[in-house]
Amino acid sequence: MIPYRVPQVRRVGPARLTAGLDASRRMDLSAHRAMHGTAPKLDARELAELADAVDLRGRGGAAFPFARKLRAVAAHRSESAVLVNAAEGEPASGKDTMLLTRTPHLVIEGALLAAGALGARRIVIAAAEGGMGHASAVAAVEERGAGDRIRVAAIPERFISGEGGALVRAVNGRGGAPPGRKVRASDSGVDGLPTLLSNAETFAQLAVLATLGPEHYADVGTAREPGTVLLTVGGSAVAPAVVEVETGTPLPAVLEACRASPGEGVLVGGYHGAWIHPGAAAVAPVSRQGIEEAGGRLGAGIVLPLDGETCPLGETLRVARYLAAQSSGQCGPCRLGLPDVARTLADLVEGSATALDGLRRRAAGVRGRGACSHPDGTSGFVLSALAAFPDDIQEHLLRGSCGRPVLGVLPVPEREPEPEVRLTVDWTRCQGHGLCAKLAPDLVHLDEHGYPVFARDAVPPQLRRLARRAVEMCPALALRMA
């Protein structure tokens, strides 16, 4: 479980989303209206044109144009819904928690603006179960007396919880796993309705844009990407915080505000992002274009610098193991490929001469083949480490270590150790039907006589569902899990 806390807030440039937070720990409804006013009522065409005027993009990671989503939902000309994604399953991110905890009415204002434009009668705010953001959102809905229209849904705290399909399934009470096939929320989302799904920061930006107007909104930032962006700065930063930054600000200025430097490298975009070499990070501006030109991806605005005290490959391995364990187990690239990537990376960290080429093959092998973006994002993260830390790789290959400990700088949720699970056979019952090998080929194969032989000492977590099915289907009731 990740310990919940209200993130510190800093600014580099003017305050837009964070306006008033220096004087108030949490903006209630009256404080919100005094600071931000009330957004005007707009129809779908007007709101889409407003978003187009500043090229407003989603702030959850994919940077999809907001106006295109809005028009896709409006095109159905039927009852629709609005879904605010504040699940924030990414352990390194804190911006959505900050928004819901400290200025929840800004997010709600944007959602109401979109719902009014679409004529949507249902709004769902999806927030991490048991978190402070969830509790604050519930209180904000009560302050507005809007409980008949706005529902705050508690979402399980998992890395993939924020994936669009997984979020829709969780909100609809069908578990928080990706659906396995692409279903656009704009076609079928909350309760099967066409749904406008976007990130919490996106709705907050929409509210600011509507109250300021496009010209004033574009007073700050770059011409191509006007406005501000929220960054979650952590890693080796001495003063980690959620930082509001006008686009175009040099990345080193953001790091300096949090008492950090590019150090050994900077992970930008979170655990589905990429490592940026310190030389590139030292000159990169904060914008989608600027970070891409530096070799990264802005994504959800996560910035994690590493100092020289911790082993960067060891830190990458910790995250790779976490990401492999976060698989929903629905497809081979996640269920089998990601654990293989993590194991091969561990071999590289220990100095195996063959691991480097093997890691490249395994990471490339899972790309483009998953039921969701999790394999692609994870493999990209690992491959970017190979490009960002070539000297460290050589040290590990030559000496088996770079000489630095792994300090756990990158945040990974602590997990209770799970007991090992093993498959066993009651040989007095086994009749050699061979069904277990067909149901769980990654765990069981048959010897020359047709009897089961186990391919692994213990059953990995991602294969336990297969193991249970094989046990349940054994005709002789001989297969057991212990």
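Reader: Which residues does Leu196 touch, skipping those up to four places away in sequence?
Author: Leu196 touches Phe66, Lys69, Leu70, Val73, Ala81, Val82, Leu83, Ala114, Leu118 and Phe203. Contact here is heavy atoms within 4.5 Å. This is a predicted model, where local features need pLDDT of at least 70 and side-chain atom pairs count only at pLDDT 80 or more, while totals for chains, interfaces and linings use all residues. Residues are numbered from 1 along each chain as its sequence is written, and side-chain values use heavy atoms, leaving out hydrogens and water.

Reader: Which residues touch the most other members of the largest nonpolar core?
Author: Leu47, Leu56, Phe66, Val82, Val107, Leu196 and Phe203, out of 51 residues. Helix H5 (residues 104-118) gives the largest share, nine residues. Such a core is a set of buried Ala, Val, Leu, Ile, Met, Phe, Trp, Tyr and Cys residues joined through side-chain atoms within 4.5 Å; buried means under 20% relative accessible area with a 1.4 Å probe, protein chains only.

Reader: OK, strand S2 now. Why is S2 largely enclosed?
Author: Six of the six residues of S2 (residues 81-86) are buried, so the rest of the structure largely encloses this strand. Helices (H or I, at least four residues) and strands (E, at least two) are DSSP runs, numbered from the N terminus.

Reader: And which strands does S2 pair with?
Author: S2 runs parallel to S3 (residues 122-128), joined by six bridges, with Val82 partnering Ile123. S2 also pairs in the parallel sense with S5 (residues 195-199) over five bridges, and Ala81 stands opposite Thr195 there. Pairing takes at least two DSSP bridges between two strands.

Key:
Buried means under 20% relative accessible area, exposed over 50%, partly exposed in between (1.4 Å probe, protein chains only).
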